[in-house]
Amino acid sequence: MTTKFKIERPLIPNDLAIGTFEDIFYDEEPYLSNQLITNISRENDSIERLFVSKVMFQKVSLINSNFNKIDMTDVIFENCDLSNSKFNEGIIHRVTFRNCKLLGVDFSEANLGNVSFEGCVMNLCNFGVARLKQICFDQSSLRGTSYYDCQFKKVKFERCNIDEVDFSETPLDNVDISTCTFERLNVTLKNLSGCVISAEQAIGFAELLGLKVKR
């Protein structure tokens with residue numbers, strides 16, 4: 001039986017000031033707080049150790065940018081494009097990505113807690129060696145995404161496309177993928193114990209184990 005849990009949502013004031021992302025390039029310690037940032041488009045930025053708190057991004061494009069070691073708390077991304085950007089080694093807490101394009105985003109070695117990905121396209125993302133606690137992937141496309149050697153605690157996948165996802169070296173105990181669709185997964189068999197799957201999916205996993213299933 002899977003453990004039920006709730007995601008803590010971002011705590012953001014209703015009266016956010018209109019902000020401009022460009023302001024942070026003039027700060028010795030880049031910091032964004034209590035702002036609404038909308039309708040901007042930038043590419044190839046590099047801002048390490050950016051701190052973001054109580055910010056809402058709407059219709060923002062930050063493609064192919066480097067936000068290594070970012071620290072984000074209480075943040076919402078809505079209808080944004082962050083494709084091929086780097087959030088590796090970041091701290092990401094109480095963050096919602098809603099209807100976002102996250103193709104190839106690098107979350108490797110990041111710490112994520114109370115994060116939800118809702119209706120996102122995030123094929124070929126990299127979560128390698130990341131720690132994920134209280135995370136929900138909901139109705140998102142995760143084709144080819146890597147969760148290599150991750151630590152999962154209270155992680156759920158709901159109605160996602162997880163075809164070609166790499167779960168190798170990641171324990172899947174209490175991880176429910178029964179509502180997801182896939183043709184092939186890369187998994188470490190010893191770490192499948194406790195993974196929740198549908199009856200139909202069980203046939204595919206049986207064949208992974210070398211069993212011959214009569215159809």
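Biologist: Asp74, buried or exposed?

Modeller: Asp74 has 3% relative accessibility, so it counts as buried. Keep in mind that this is a predicted model.

Biologist: Which residue forms a salt bridge with Asp74?

Modeller: Arg94 does, and the closest N and O atoms of the pair are 2.6 Å apart. Arg94 sits in strand S7 (residues 91-98) and Asp74 in strand S6 (residues 71-78), so the bridge ties together parts that are 20 residues apart in sequence.

Biologist: And Arg94, buried or exposed?

Modeller: Buried, because its relative accessibility is 15% and the cut-off for buried is under 20%.

Biologist: Which residues are in the network with Asp74 and Arg94?

Modeller: Glu8 and Lys54 are linked with them in a network of salt bridges.

Biologist: What does Arg98 pair with?

Modeller: Arg98 forms a salt bridge with Glu78, where the closest N and O atoms are 2.9 Å apart. That pair also links distant parts of the chain, with Arg98 in strand S7 and Glu78 in strand S6, 20 residues apart.

Biologist: How do Arg98 and Glu78 count for burial?

Modeller: Arg98 is partly exposed at 25% relative accessibility, whereas Glu78 is buried at 18%.

Biologist: Change of topic. What do the side chains of Glu158 and Lys156 form?

Modeller: They meet in a salt bridge, 3.8 Å from N to O. Glu158 is partly exposed, with a relative accessible area of 28%, and Lys156 is partly exposed at 21% relative accessibility.

Biologist: How many salt bridges does the structure hold?

Modeller: It holds 11.

Conventions. Residues numbered from 1 in each chain as written. Predicted model: local features only at pLDDT ≥ 70, side-chain atom pairs only at ≥ 80, totals over all residues. Heavy atoms only, no water. Salt bridge = Lys/Arg side-chain N within 4 Å of Asp/Glu carboxyl O. Helix = DSSP H or I, 4+ residues; strand = E, 2+ residues; numbered from the N terminus. Buried < 20%, exposed > 50% of the residue type's maximum accessible area, 1.4 Å probe, protein only.
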